[in-house]
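Biologist: Could you take me through this structure? I would like to begin with the contacts.

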Amino acid sequence: TAKLTTAKYVQHGIAKSHIEGKADGYILYYAIVRPNVNLEEITYEIDDGTKKVTVRIPEKFAFHIELLEDENHQFCYYPKSQADWTGRDVFYICETDAKQKAEANVELVEKARESLENTIKALLEPILIRSGYTLEFEKDAS
């Protein structure tokens, strides 16, 4: 399915790790977080009587997480001796933390929704205005 990415955010996070049988610790990470929506989840209702198109966009966004690891963005561990953590452990912990923080980031979600509405408006309004139609947005709670 096609997904539309509506924003991009660099997250600097500290994830608390707890893996059964391993020492607890913290991981400092950097990630690019991209809210996106599946285009099939956007619905359109056309009312020819009132010449209005209602666009229903999903209330919740999905998030694509890309962990950064380069000379400027290093994972840091506390305590320093976390030799029993695997790379898979670290990526899972950091991706999960980044996703949870992104979902709770009200400003990011609002910006993503605003960007999505602006994109749809830019694509549809020129066509709708010629026919005298208006465009309206609603959140789809389903």
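Biologist: What share of the contacts with a separation of 6 or more comes from residues 24 or more positions apart?
Modeller: In the protein that share is 73%, a contact being heavy atoms within 4.5 Å. Please note that this is a predicted model, in which local features need pLDDT of at least 70, side-chain atom pairs count only at pLDDT 80 or more, and totals for chains, interfaces and linings use all residues. Residues are numbered from 1 along each chain as its sequence is written, and side-chain values use heavy atoms, with hydrogens and water left out.

Biologist: Which pattern does the protein follow along the sequence?
Modeller: The order is β-β-β-β-β-β-β-α-α-β, where helices (H or I, at least four residues) and strands (E, at least two) are DSSP runs numbered from the N terminus.

Biologist: And which residues touch the most other members of the largest nonpolar core?
Modeller: They are Tyr-29, Val-55 and Phe-63, in a core of 32 residues. Such a core is a set of buried Ala, Val, Leu, Ile, Met, Phe, Trp, Tyr and Cys residues joined through side-chain atoms within 4.5 Å, buried meaning under 20% relative accessible area with a 1.4 Å probe, protein chains only. The largest share of this core, 6 residues, comes from α2.

Biologist: What does Phe-63 contact, leaving aside its neighbours within four places in sequence?
Modeller: Its partners include Val-33, Pro-35, Ala-102, Leu-108 and Val-109.

Biologist: Changing topic, how many of the residues are buried overall?
Modeller: Of the 142 residues of the protein, 36% count as buried.

Biologist: What are the spans along the principal axes?
Modeller: The C-alpha trace spans about 70 × 30 × 25 Å.

Key:
Buried < 20%, exposed > 50% of the residue type's maximum accessible area, 1.4 Å probe, protein only.
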